[in-house]
Amino acid sequence: MITCEEAKIEDRDWMAALKKSVKMLHFGGWEEKEAAAREMKRLAAKDVNRRRTMAEFGVIPPLVAMVGSEVAAAHQRLAVQVLIELANASFTNKALMVEEGILSKLPKNLSLLEETDKREFAELLLSISGLANTQFPLNSSRIIPTVVCILESSSSIETEELCLSTLHNLSSVLDNAPALISTGIVTSLTKLASVKETSEKSLATLGNLVVTSDGRKALEQNPTVPEGLIEIMTWEEKPKCQELSAYILMVLAHQSSLQRQKMAKAGIVQVLLEVALLGSPLAQKRALKLLQWFKDERQTRMGPHSGPLQVGRVSMGSPLSEEDAEQGKRMMTKIVKQSLYKNMETITRRANGAAGDASKLKALVVSTSSKSLPY
């Protein structure tokens, strides 16, 4: 237990160390600047109050300048590490970095950096991208190409995840969609969506982009769509990925009869049946909605009233109306009884991990004749 006297001594010592480091950072040579940055990294890691105090002492401008310096890679790397610490949990510090031009100070070709350096730059950019959903005027045209460059040149899952989180932050602002799509990022995202380690964050970003006309067009033109998204819906161990994939398919199906035809040819109905029975509650709702559309399509009654984009942009988690839900349940009962018996063995094997339990699923199907499927 630290006494009050010991706390006072510690505060006095850290303030003295900070003042010394600030002086070295502003007026020292490169060796002194490096020593000062190392000390600041140690001090900044303590707590957020110290990080704010350090910014008040004016350490951010010279650190940003170090990032843009070509004197030594070690100086640049150390400055990035300190800025990462200073940005942690501090809106003001992030804003100060952007105002000092950190985005214009980044290396021109990050793809040539070592993997560790890419990861650190990606971590700093992720922190700064948190400004996207605030009133701060973040210039996305500078940050987007940098993040895409790191993402497409990285061989590390950790770095890719950092980049994907940054892209998701930026894509949550619809005004950023054109700049994102113009980089060709949709191709990279669909590829990473097929990898289970990076799928969820990739799909979340695609879900933000698909509600824009440019994003939807880019997805429709991608050769892996819709087959890749349908495949993701079979990942029972990844319910969030199933939900996100179903959402993207809903938007594509609503907007394009050609996409609905491609989905049908790719076998989406069987996958939707399985998800409607075995998926998470949200995945079940979305699967039922898609099944209703395909039923209407067969009856040539597909209409805009039944789609997910009635007015503006729809939340990925928006619930169905009670009427839609009841209609979906009735439709599901009929389809299951007509179509699912012949696939009972396969579905049961996926649901229970072993064959021989077909009777359980058969009981579920039979029970739907007198009781609706649960949501």
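The model is predicted, and every value below is computed from its atoms. The secondary structure of the protein chain comes to 22 helices and 0 strands, and buried residues make up 49% of its 375 residues. Two cavities of 30 Å³ or more turn up in a search of the whole structure, which also holds 7 salt bridges.

**Overall fold and surface**

- Among the contacts in the protein chain between residues at least 6 apart in sequence, 70% join residues that are at least 24 apart.

**The largest cavity**

- The largest cavity has a volume of about 60 Å³, and of the 10 residues that line it, those closest to its centre are Met-233, Glu-236, Gln-242, Glu-274 and Val-275.
- Helix α18, which spans residues 268-278, provides the largest share of the lining of this largest cavity, namely 4 residues.
- Sorted by class, the lining of the largest cavity consists of 4 nonpolar, 3 polar and 3 charged residues.

**The second largest cavity**

- The second largest cavity has a volume of about 50 Å³, and its lining is made up of Ala-73, Gln-76, Arg-77, Val-80, Asp-117, Glu-120 and Phe-121.
- Helices α5 (73-87) and α8 (115-129) each supply at least two residues of the lining of the second largest cavity, with the largest share, 4 residues, coming from α5.
- By class, the lining of the second largest cavity has 3 nonpolar, 1 polar and 3 charged residues.

- The side chains of Glu-34 and Arg-38 meet in a salt bridge with an N to O distance of 3.0 Å; both residues lie in helix α2 (residues 30-44), where a spacing of 4 residues places them about one turn of the helix apart.
- Glu-34 has a relative accessible area of 19% and therefore counts as buried, given that the class is set at under 20%.

- The side chains of Arg-119 and Glu-123 form a salt bridge at 3.3 Å, N to O, and because the two residues are 4 residues apart in helix α8, they are separated by about one helical turn.
- Both partners are partly exposed, Arg-119 with a relative accessible area of 21% and Glu-123 with a relative accessible area of 29%.
- Leaving aside neighbours within four places in sequence, Arg-119 is in contact with Glu-158, Thr-159 and Leu-162.
- Arg-119 and Leu-151 are 32 residues apart along the chain, and their C-alpha atoms are separated by 9.7 Å.

- The side chains of Glu-237 and Lys-196 meet in a salt bridge at 2.3 Å, N to O.
- Glu-237 lies in the loop between α15 (227-232) and α16 (239-255), whereas Lys-196 lies in the loop between α12 (185-193) and α13 (199-209), so the pair ties together parts that are 41 residues apart in sequence.
- Lys-196 is partly exposed, with a relative accessible area of 36%.

**Backbone geometry**

- Most residues other than glycine have a negative phi, and most peptide bonds are trans; the remaining points describe two places in the backbone that bear on this.
- The peptide bond from Val-225 to Pro-226 is cis, with omega near 10 degrees, and Pro-226 is placed in the loop between α14 (213-220) and α15.
- Ala-89, a residue other than glycine, has a positive phi, near 65 degrees.
- Ala-89 is found in the loop between α5 and α6 (91-99), and the residue counts as exposed because its relative accessibility is 53%, where the class requires a value over 50%.

Conventions: Residues numbered from 1 in each chain as written. Predicted model: local features only at pLDDT ≥ 70, side-chain atom pairs only at ≥ 80, totals over all residues. Heavy atoms only, no water. Buried < 20%, exposed > 50% of the residue type's maximum accessible area, 1.4 Å probe, protein only. Contact = heavy atoms within 4.5 Å. 1 Å grid on protein atoms, 1.4 Å probe; cavity = no way out; pocket = protein on both sides within 12 Å on 5 of 7 lines; lining within 4 Å. Points joined across faces, edges and corners; volume = space filled by probe spheres on them. Nonpolar A, V, L, I, M, F, W, Y, C, P; charged D, E, K, R; others polar. Salt bridge = Lys/Arg side-chain N within 4 Å of Asp/Glu carboxyl O.
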